[in-house]
Amino acid sequence: MSTRCILIIDDEEDIREVTQLTLELEGGWQVLAASSGSEGVNLARFHHPDAILLDVMMPEMDGLMTAKVLQDFPDTQPIPVLLLTAKGAMEVMDKFQDLGITATISKPFDPLQLVPTIKQLLAWEE
Amino acid sequence: MKILLVEDDEYLAQLLNQYLSDRNYIVDVAVDGESGLNYARTFDYDVLVLDVVLPKLDGITLCKTLRSEHYQMPVLLLTALDNSRDKVLGLDAGADDYVVKPVGLEELLARIRALVRRGRYSRPPILTWGPLQLDPATCEVTYDSRPLSLTPKEYALLELFLRSPTQVFSREVIIEHLWSLEEPPTENTLRAHIKGLRTKLKAVDAPPTLIETIYGVGYRLQDYEDAPSPTKTGQESGNNTTLNAIQALWQRIKPNVLKRVDLLEEGISALAARDESLQGTARQEAHKLAGSLGTFGYHYGSSLARNIEEMLVQERDFSQSQIDQLQRWLVELRQQFQRHPTAAMPEPPTLPDPEQRRLLIVDDDRLLAEQIAEEAETWGMDVKIATTVQEARPAIVTYSPGLILLDLNFPEPGEDGLMLLEELARNRPEIPVVVLTVRDSFQDRLSVSRLGSQAFLQKPLPMPQIMEVAMEVIQRSHTAAKVLIVDDDPEELQGLKTLLSPWGLELEALDDPRSFWQSLELFMPDLLVLDFEMPHYSGIELCQVVRNEPQWRKLPILFLTAHTDSATVDRIFQAGADDYVSKPISGPELISRLFNRLERTKLLQNLAELDALTGLANRRKSSYDITNLLRIALRHDRPVSFAMLDLDHFKPVNDTYGHATGDLVLHRFGEMLRESFRADDVVGRWGGEEFVVVMADTDAASAVDRLSQLLQQWRSHEFLLDDEVCLKVTFSAGVAQFPQDGDDLPTLYRHADRALYRAKEAGRDRVFSYDPQTDC
């Protein structure tokens, strides 16, 4: 099986870095990182990752809008999107319901559990 | 993997049991809903499979009951009812899946597997540990791709270890997980299985020590240090590499994080100066810190940041106490960065819970009460006010406060705070009470503290001070346990404090073992943590001293040690320790070991539940025993006598000779009762001077005889207080007989109490039995 490719969209550098590092080391996956929604959409259209990890709270184009745009393009529409949300922010969730969001991962997350969690949420058998 | 099957259809139960057992599942079968509920409450199962239509308690109610008790394990409902309404009912009751009979066994098993995966989603479907792999779907085990042929028990053992690869499993835990109730094995049997497993591992060139014996504790999987590349073997072996990389990353970004904290501090300082312009920025920074710190191993830091964020969400008008709180959190947050991050662990419970935050103020001064209420609300409390004792009583029942703030003086005649306090001490001892009063006599203070109040505050007092005491009392009353830590390294102590305090533990840290005994007696811990190596006295010496003292023989003791060679470990257990954790300390391991110990102690305490003063069972424990005794008596059609005893004129004893004398009298009386009745009987202290004696196999007439003899003996008992005063005490008693005078505990109690009342009316110092004619 070819290596999985994951796209992270998060405006916070530290979270982006720790996530990238974890996914590379623990999952052996290829990781793309974007620091804004628009950059993320462009990367997604170009690389067609196997999954997208999307932060909810971002300046300018926030997670909700990014998810909408991803749904609008037929080539990015089927890519599963996992939301990264701070705990206690569940009230925003129902807005995302019709946007093809597969599941959510709450922040802060345990880096050692991230890969198994993603595999489980996306039902990836390896 | 252990499954509880609740199914009343014997044939189906047998079939399922056989099928599941053949696939290495351990199955307990309960044949009705009630026993199913008891099984689930008592033992650990990985999955519950419930029939819907069951005798005594149906599956849906059973499921609802368990879920209301926060039962977490997956539940699968099994039923012949196949319409969508039933499914909705079942799923709404908290079931995770629903299978319609007749069942395809393959499908049922696949669903069980899926549920277990979901229940423990952090584990991948194929369990791996280095080159060792176990596939629960096919029951295949391989080491370095070489298949192992295991017996069902060996397989189950290995699966258990692989599901929690870092946990040490004690023999009891293994037995509880791997054997059903009907066939508990001996320890030798378990050892034989472990040995068999090791031999088979050796045969495929795996190290036989892969299953490591932790001396005196149990077994666990050995660490994989030279495991191949992490990408191939999954998470466990990659942990160290990843953690090191995260650690390095943290060092690089730490300056940025500290800048965030600076921004946050600026925002809070501005708020303190009534400038709200930076509030938004501060809130954002707090949000980011909350979201990221935990990922880098600063879990408590994350929750502090979240607290700050939540408070900053409020638009404006921060009270001074809120600003103070923000600043305290900020200081604490900064302190976090002085220590090393800890490996991931479960979130500590946030204290206090909403239900504990309910405050009931009982004070006739409405103005003052409202001021306090206002202050309390800024502390996140929910408040209710009662201005009379009469008003307070129903409020206590309906509002069920987490704390009561009680005034002693009320203008209405016959209304007294002390009276309410006494009622509370008797009926709702779990609710902490803080007394706030203008009274200041020593007598008042004494009575208040005797009635179990947590604090005595004198009016007038500044609001924040009242609230500080109140919060402290709430925290204290919901503290999981008191832990005394002795370690000569102050930094290590600080680290342990930081690690343990969010868990609701009350901590006492001692860095000089020379003052150990004093600390032990003052603090009265529920658990003791000892460093192995210390100046003056070693941990071993302290441990031995503690074990030699009868009072402390049962205190759980946990060692911290840098040496884990078998000789050292041997010495630790020889000295009487219960467990040890190796240094450098891993937070999650310490937490889980510590709570393990505490839970076991708590269990033992609950079993005992003795009244400290008299050594008799308390009300709860004796009620439980009496109910049992009545059930047995009913089955064998035997009489039981239920007696209520009350010491006569006891209040004057306390008032005249002091409470110490009163306590002595109670103690002696308890002693006499304990010595006078058989093990089958139940003797308990139900309140101040109120006792209950329940005699098995005894009718009312014989009971009255026995109690009268006892009264004679007690009457002649002299308490010599000093040369001049010689005190004698009597008692009155009422007896009711089961089942003639009542077939349950409340009725028997009511009737025995009526007889007791008549005995008192008749001049006290006598024993009466219940008479339906007069006592109705």
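pLDDT is the predictor's confidence in each residue, on a scale from 0 to 100. The structure used in these exercises is a predicted model.

**Exercise 1.** State how confident the prediction of chain A is, and where in chain A confidence is lowest and highest.

Solution. Begin with the chain as a whole: chain A has a mean pLDDT of 83, and 87% of its residues reach 70 or more. Then turn to its elements. Confidence is lowest in strand 5 of chain A (residues 101–107), with a mean of 79, and highest in strand 1 of chain A (residues 5–9), at 94.

**Exercise 2.** Describe the make-up of chain A.

Solution. Count the elements: chain A has 4 helices and 5 strands. Next, read their order from the N terminus, which is β-α-β-α-β-α-β-β-α. Of the 126 residues in chain A, 54% are buried. Finally, take the contacts in chain A with a separation of 6 or more: 65% of these come from residues 24 or more positions apart.

**Exercise 3.** Find which residues of helix 2 of chain B are buried, and what they pack against.

Solution. Helix 2 of chain B covers residues 33–42, and its buried residues are Gly33(B), Gly36(B), Leu37(B) and Ala40(B). Looking down the axis of helix 2 of chain B, these buried residues fall within an arc of 100 degrees, so they line one face of the helix. Their packing partners in chain B are strand 1 (2–6), strand 2 (26–30), strand 3 (47–51) and helix 3 (59–68).

**Exercise 4.** Classify the packing of helix 25 and helix 26 of chain B.

Solution. Helix 25 (residues 650–657) and helix 26 (residues 659–676) of chain B pack at an angle of about 140 degrees, with axes 6 Å apart. The two helices of chain B are therefore oblique to each other. Helix 25 of chain B makes the contact through Phe650(B), Val653(B), Asn654(B) and Tyr657(B), and helix 26 of chain B through His659(B), Thr661(B), Gly662(B), Val665(B) and Leu666(B).

How values were computed
Residues are numbered from 1 along each chain as its sequence is written. Chains are lettered from A and ligands numbered from 1 in the order in which they are written. This is a predicted model: local features need pLDDT of at least 70, side-chain atom pairs count only at pLDDT 80 or more; totals for chains, interfaces and linings use all residues. Side-chain values use heavy atoms; hydrogens and water are left out. Buried means under 20% relative accessible area, exposed over 50%, partly exposed in between (1.4 Å probe, protein chains only). The arc is that of the directions from the helix axis to the C-beta atoms. Contact means heavy atoms within 4.5 Å. Axes are lines fitted to C-alpha atoms, for helices over the stretch in contact, and angles run from 0 to 180 degrees between N-to-C directions. Angles under 35 degrees count as roughly parallel, over 145 as roughly antiparallel, 65 to 115 as roughly perpendicular and the rest as oblique.
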